[in-house]
Amino acid sequence: MSSLAVLAGTVFLFLLYLHSPKHGLPYHDSFAEGKADEWEAFGGTWAVYDKGIRNDSDERGAKLMTGSPYWNDYLLEADVMLLGEDGDAGLIIRASDEELGVDSYSGYYAGLRTRDNMLTLGRASHGWLEYQNVPIPGGVQAFRWYHLKLLAYGCRIVASATFPVGGGEVTTAAMSEKNCLMSGRIGLRSYSAGGIWRNVYVRLATEEDLLSMLGTLAGHPSSSERAAGNGITIFGSGSLPSHVYQQARPARNVQSISSLRLVSSPQPMTSTIRGVVSLTAPLYIQDSTGGIAVEAASSPPLKVGDEIEATGTVRSGAFHSTLENARVQLLWARTPVQPVSVTVSQAATGAFAAMFIEVEAHLRSKRRDAQDTLILDLEDGQQSFRAVVNGGRGDLLFNKLKQGSLVRLRGVCVVDSEYTHNLTPFVLLLRSTDDIGIVAGPPWWNTKHVIAIGFVLFLLLFISYFIYSRIQQWRLHAILEEREMLAHEMHDTLAQSFAGLGFQLQAIRNRMPEDMPAIHKQLDLACDLVRHSHEEARRDIMMLHSESFKQMELTHMLEQCAKKMLEGGPVEIKILQSGDPRPVPLRINDTLFRIGQEALANAVRHAMPTCISIVTVYARDSVQMIIEDDGTGYVADNEKRGFGVRGMKRRAAAISAAIEIVALPDKGTRVCVTAPLPARMAFHVPMLLKGNRSHEQT
């Protein structure tokens with residue numbers, strides 16, 4: 001009970017530690033080391049980039065979450081850069097129930113918004129309740145670093161933004177709620193603009209931290225605090241009307257992407273196309289008719305989901321065209337294109353070349369190249385292809401991906417020999433590791449698991465044999481203890497009674513007058529009978545002691561028995577032993593000795609032999625005992641009247657031994673007993689070997 005109490009206490013303390021609001025704090029990201037395995041993505045195209053984490057997508061409400069759901073009062077801070085002119089990016093605290101979608105979580109968010117140049121602060125609960133909008137001096141500009149802090153202490157939430165990073169002007173917003181969220185995870189979030197985060201750090205918050213951040217509110221025109229109940233409910237934290245309009249008038253001679261496949265002019269032809277970015281490196285864009293690769297001579301920073309206009313020279317290919325030396329102009333941000341779900345066989349035809357597609361296939365192998373790019377070899381039926389993705393945030397996924405798994409991939413289908421090397425019909429270029437989903441693990445019944453099952457079965461067999469051996473050992477130990485006790489009881493009663501009876505008879509004889517020879521003769525006969533019975537009792541007591549079997553081998557025991565029976569007589573004893581002597585289990589050894597003892601007694605009493613031979617033969621899995629004499633033999637019908645022969649057969653049957661008795665009148669008798677021995681183990685384990693030895697030797 002005490003052990004169970006200690007175990008229960010240990011488990012309770014461990015669970016208490018895991019549920020502690022201090023567990024895992026302070027926390028600092030590992031982006032500078034190229035690692036982000038502890039983060040979980042909900043939308044977006046997240047990848048480690050330049051000592052930070054980058055969401056290269058215009059997707060609305062993309063989130064990246066980590067931390068403990070039990071963190072409560074803490075301070076989260078990070079450097080944030082927006083990647084677009086029409087959205088927002090920031091930090092999430094006390095989050096739970098995260099899902100894909102705009103504001104699909106419960107928690108608090110503070111971010112920088114380019115649409116109205118505000119530091120915004122509010123609460124998401126699968127919807128958006130905006131509490132504070134504080135203007136940023138100088139406005140919120142893309143591609144500039146800001147330092148954001150977001151603190152939760154009790155039901156007070158405070159956010160601040162600093163530009164430039166490291167000591168610029170601070171803008172602060174604060175809110176309080178009566179029924180606030182008390183704990184939750186942290187996260188990074190962007191809306192329509194994409195962003196980069198670095199130096200993400202979390203530590204426990206104190207009242208001094210709260211007062212320090214609230215101190216910037218006093219008398220500051222760009223800082224304020226709002227209490228609960230004054231929030232504005234709108235759809236999406238970044239859904240306010242945009243002040244960003246298209247930056248240039250689109251060209252009028254825009255062609256559809258699919259029409260460029262029909263270009264067959266021998267002279268270079270310049271074309272203008274418009275589409276949404278489906279992949280940034282290399283650059284692929286897509287419209288409603290198809291996709292195309294763009295080799296840009298000059299281009300603004302682009303994200304997945306940006307709508308652009310590109311003008312360049314068309315180079316036709318077998319399945320899709322390439323726009324070379326293109327001038328790229330960003331028009332506006334849009335929602336990233338959704339993948340077209342196709343089969344691997346359909347993708348292999350080239351009909352979906354340069355398009356963003358989704359396929360399912362089985363993983364055949366995986367590897368990394370020198371640039372830490374993750375390369376997957378996949379197949380579906382008889383069709384194989386390859387998928388390539390940047391290794392950022394790929395360590396955890398790389399370890400999870402098992403050969404034979406069914407995976408779902410989203411990426412741009414490329415049929416150029418530059419990527420396929422004429423080894424596969426197409427290559428899938430993935431935006432990030434978040435475009436890989438594991439549908440099902442590998443088939444369970446494989447070589448590795450078969451070997452594991454075999455090993456487990458072998459181990460169970462070994463354990464079963466060990467337990468069986470130990471049980472047999474305990475059983476034999478109990479038998480030996482009972483025999484020892486019986487031997488002591490016989491020694492204390494029967495043997496001592498014989499000794500006392502012999503002493504009294506001898507005393508009576510010594511007192512009888514010498515002129516009574518008949519009585520003297522009867523007393524001498526009685527004394528001899530008592531002495532013989534005493535010797536028999538002593539021998540039986542000795543045989544009950546396990547030490548006698550440990551010290552004497554079967555052949556030697558039979559030899560000693562024969563010498564005692566024939567001591568001083570004319571009968572010759574021949575002893576022969578062959579094979580490798582090995583310890584014989586006690587029960588078998590005792591039974592063979594009793595059969596041999598009975599055979600020797602029968603020969604001495606009834607056969608009048610001149611020679612008795614005792615032979616023991618040790619084989620790998622049996623032991624054989626042969627008692628043979630050259631006496632008078634006996635007639636088989638007399639066996640019905642012989643109790644000794646029936647007793648020998650019963651003893652042999654008790655140990656599953658085969659007994660053969662051959663007796664011919666005037667030619668002697670031969671008794672042959674063959675007893676099986678338990679198989680020896682082919683291996684040796686110290687504990688088991690110790691148990692087996694004690695078993696066999698006793």
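Begin by selecting Pro282, which in this predicted model sits in the loop between strand 19 (270-279) and strand 20 (284-287). Pro26 belongs to the loop between helix 1 (2-18) and strand 1 (27-28).

Next, go to Asp103, in the loop between strand 7 (88-96) and strand 8 (106-113), where phi is near 50 degrees, a positive value in a residue other than glycine.

Now select helix 10 (residues 586-607) together with helix 11 (residues 643-654), which pack with their axes 10 Å apart and at an angle of about 165 degrees. Because of that angle, helix 10 is roughly antiparallel to helix 11, and helix 10 passes helix 11 in a left-handed crossing. To see the contact itself, show the side chains of Arg587, Thr591, Arg594, Ile595, Glu598, Ala599 and Asn602 in helix 10, which meet Gly644, Met648, Arg651, Ala652 and Ala654 in helix 11. The residues of this contact divide into five nonpolar, three polar and four charged.

Finish at the largest pocket, which has a volume of about 860 Å³. Of its 31 lining residues, Ala41, Arg410, Asp434, Asp435 and Ile436 are the closest to its centre. Elements that each supply at least two residues of the lining include strand 25 (356-368), helix 4 (395-400) and strand 28 (406-414); colouring the lining by residue class separates 13 nonpolar, seven polar and eleven charged residues.

Notes
Residues numbered from 1 in each chain as written. Predicted model: local features only at pLDDT ≥ 70, side-chain atom pairs only at ≥ 80, totals over all residues. Heavy atoms only, no water. 1 Å grid on protein atoms, 1.4 Å probe; cavity = no way out; pocket = protein on both sides within 12 Å on 5 of 7 lines; lining within 4 Å. Points joined across faces, edges and corners; volume = space filled by probe spheres on them. Helix = DSSP H or I, 4+ residues; strand = E, 2+ residues; numbered from the N terminus. Nonpolar A, V, L, I, M, F, W, Y, C, P; charged D, E, K, R; others polar. Axes fitted to C-alpha atoms, helices over the stretch in contact; angles between N-to-C directions. Parallel < 35°, antiparallel > 145°, perpendicular 65-115°, else oblique. Left-handed = near helix turned anticlockwise from the far one by under 90°. Contact = heavy atoms within 4.5 Å.
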